[in-house]
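Please look at the sequence and the structure shown here, and keep both in view while reading the paragraphs that follow.

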Amino acid sequence: MSAHGQRLADARVTLREPVADPFTIFNRPTALLRYFPRIAKGQHDKPAVNELTVSITDDLKLVELWRGDGQLSFPQVPGEELHTLGPVKVGAGFRYGLSYSVTDLEIVQDFTK
């Protein structure tokens with residue numbers, strides 16, 4: 001990833017082996033922070049939507065799942081702060097094709113109240 005000609009993130013995966021059962025890897029819920037700010041003057045600090053949700057999905061399909069060695073780094077770049085979010089530890093890396101439909105959301109926390 002880069003911005004203004006500066007590299008902000010570098011991710012690499014060296015694929016080693018296919019994963020026979022994709023659901024041994026992809027077996028977690030999908031969490032999402034939904035945040036939509038108000039754009040009306042004087043209301044920018046009061047978002048219209050600010051929710052932590054879990055996606056309820058249907059028709060999950062995973063294809064060609066591979067596992068390997070993962071690397072992730074966020075170099076320090078003048079004028080950018082992303083490097084402060086750099087990983088403490090990097091585990092395995094993966095490559096796969098994914099499709100699903102989100103049919104509902106479970107609202108875990110509504111931060112607008």
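This is a predicted model: local features need pLDDT of at least 70, side-chain atom pairs count only at pLDDT 80 or more; totals for chains, interfaces and linings use all residues.

Residues are numbered from 1 along each chain as its sequence is written, and side-chain values use heavy atoms, with hydrogens and water left out.

A search of the whole structure finds five salt bridges, a salt bridge being a side-chain nitrogen of Lys or Arg within 4 Å of a carboxyl oxygen of Asp or Glu. One of them joins Arg16 and Asp69, whose closest N and O atoms are 2.8 Å apart. This pair links distant parts of the chain, since Arg16 is in strand β3 and Asp69 in strand β5, 53 residues apart; strands are DSSP runs (E, at least two residues), numbered from the N terminus. Arg16 is exposed, with a relative accessible area of 54%, whereas Asp69 is partly exposed at 41%; here buried means under 20% relative accessible area, exposed over 50%, and partly exposed in between (1.4 Å probe, protein chains only).

Another salt bridge is formed by the side chains of Arg34 and Glu51, at 3.1 Å from N to O. Arg34 lies in strand β4 and Glu51 in strand β5, so the pair ties together parts that are 17 residues apart in sequence. Arg34 is partly exposed at 25%, while Glu51 counts as buried at 12%.

The search for aromatic pairs finds one in the whole structure. Phe26 lies in the loop between β3 (10-18) and β4, and Tyr96 in strand β6 (residues 92-110), so the pair ties together parts that are 70 residues apart in sequence.

Tyr96 is also touched by Glu64, which touches Arg95 as well, not counting residues up to four places away in sequence; contact means heavy atoms within 4.5 Å. Glu64 lies in strand β5 and is exposed, with a relative accessible area of 58%. Thr53 also lies in strand β5 (residues 49-73), but Thr53 counts as buried, at 0% relative accessibility. Beyond residues up to four places away in sequence, Thr53 touches several residues, including Thr30, Arg34 and Val108.

Terms used. Helices (H or I, at least four residues) and strands (E, at least two) are DSSP runs, numbered from the N terminus. Rings of Phe, Tyr and Trp (its six-membered ring) pair if their centres lie within 6.5 Å; planes under 30 degrees apart count as stacked, over 60 as edge-to-face and the rest as tilted.
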